[in-house]
Structures are given as C-alpha cells and as structure tokens.
Amino acid sequence: MTRNIILAALIAAAPLGAGIAHVAPAFAADKSEVAFVKFTQPAFDVARARGQRILIDVHAPWCPVCARQQPGIAAAQKLPANRNVVVFRIDFDSQKDVQRPLGVTRQSTLIAYKGKTETGRLLGETDPSKIARLVASTR
C-alpha cells in the first residue's frame, strides 16, 4: 500500500511531458495479476489531462465477480497494444467519495477513458473478450 501511495504521488508530481504508463506494471506480482495504481483523484486528473488511456476497476476483495474479472483485465494488459493503459483501482468499500462523481453504484464496474472522454463501461462483466474490447475502446 505504501508503494501505491508513493507512486501515485510521483505520478501527480511528474511534469506534463512524462508518461505514467511505466508506473502501473510495477504493481503486478506476477504475470497473472492485474498491474494497477490505487485511484486518487489527483493522479486520475493528471492522466486524463495527458490524454492517457485509462481503465478504472471498481473492485471489492469480497466480490466473486470482481475476482473473475481480474484474469480478463490482466490478459488485456499483456497485449502489446495496451502496454500504455493505466489501470486505476477503486476500493468499492472505502472510496465511496470518488465513486459518486463517476456514476458508480456497484462493485465490478469497469470504466474506460481516452483522456477526458469516457469510451465505455461494463458492469459485472467477466467475459475476457468483452473486457478486451472495452480496453481497446481507449485507442
């Protein structure tokens, strides 16, 4: 968790010319896990302002659907075309304040952005091909 906070602060403080995509993969313990950045509003705002490709994963550790989404997200991340996608994770239980402005009402919500534009969202979807299409919508 400390590493998430430090890296999120570095992302927010980085000059506008710097990319944050290189930070996200540091969170994956192995190739089957999702590499994510803990969602903070400042880091999200910077990524959007830079035109970054973004996936938001609204996750709850107790949610079986959320758990089934993770392999699809990880598979989409591994595709060379998606190496610059930043996956922000919102904790459904503890980050209610950031969910409301995003229109999130349930865990297992996935939201895709290309910069400031939302390109799609899925709710409770576990099909890896549909998750891959959502991530591809950020191109």
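## Basis

This is a predicted model, in which local features need pLDDT of at least 70, side-chain atom pairs count only at pLDDT 80 or more, and totals for chains, interfaces and linings use all residues. Residues are numbered from 1 along each chain as its sequence is written, and side-chain values use heavy atoms, with hydrogens and water left out.

## Sheet

Five strands form an open sheet in the order β1-β3-β2-β4-β5, with mixed pairing. At its edges are β1 (37–38) and β5 (117–123), each of which pairs on one side only. Strands are DSSP runs of E with at least two residues, helices are runs of H or I with at least four, and both are numbered from the N terminus. Two strands pair if DSSP finds at least two bridges between them.

Strands β2 (residues 53–59) and β3 (residues 86–91) pair in the parallel sense over six bridges. The bridge partner of D57 in β3 is R89.

## Helices

Helix α2 (residues 41–49) lies across β2, β3 and β4 (109–114), at about 150 degrees to β2. Helix α3 (residues 64–78) also lies across β2, β3 and β4, at about 165 degrees to β2. Angles run from 0 to 180 degrees between N-to-C directions, with axes fitted to C-alpha atoms, for helices over the stretch in contact.

## Loop residue R106

R106 lies in the loop between α4 (96–102) and β4. Its relative accessible area is 42%, so R106 counts as partly exposed (between buried, under 20%, and exposed, over 50%; 1.4 Å probe, protein chains only).

Leaving aside neighbours within four places in sequence, R106 is in contact (heavy atoms within 4.5 Å) with V58, F92 and L123. R106 and V58 are 48 residues apart in sequence and 7.9 Å apart in space, C-alpha to C-alpha.
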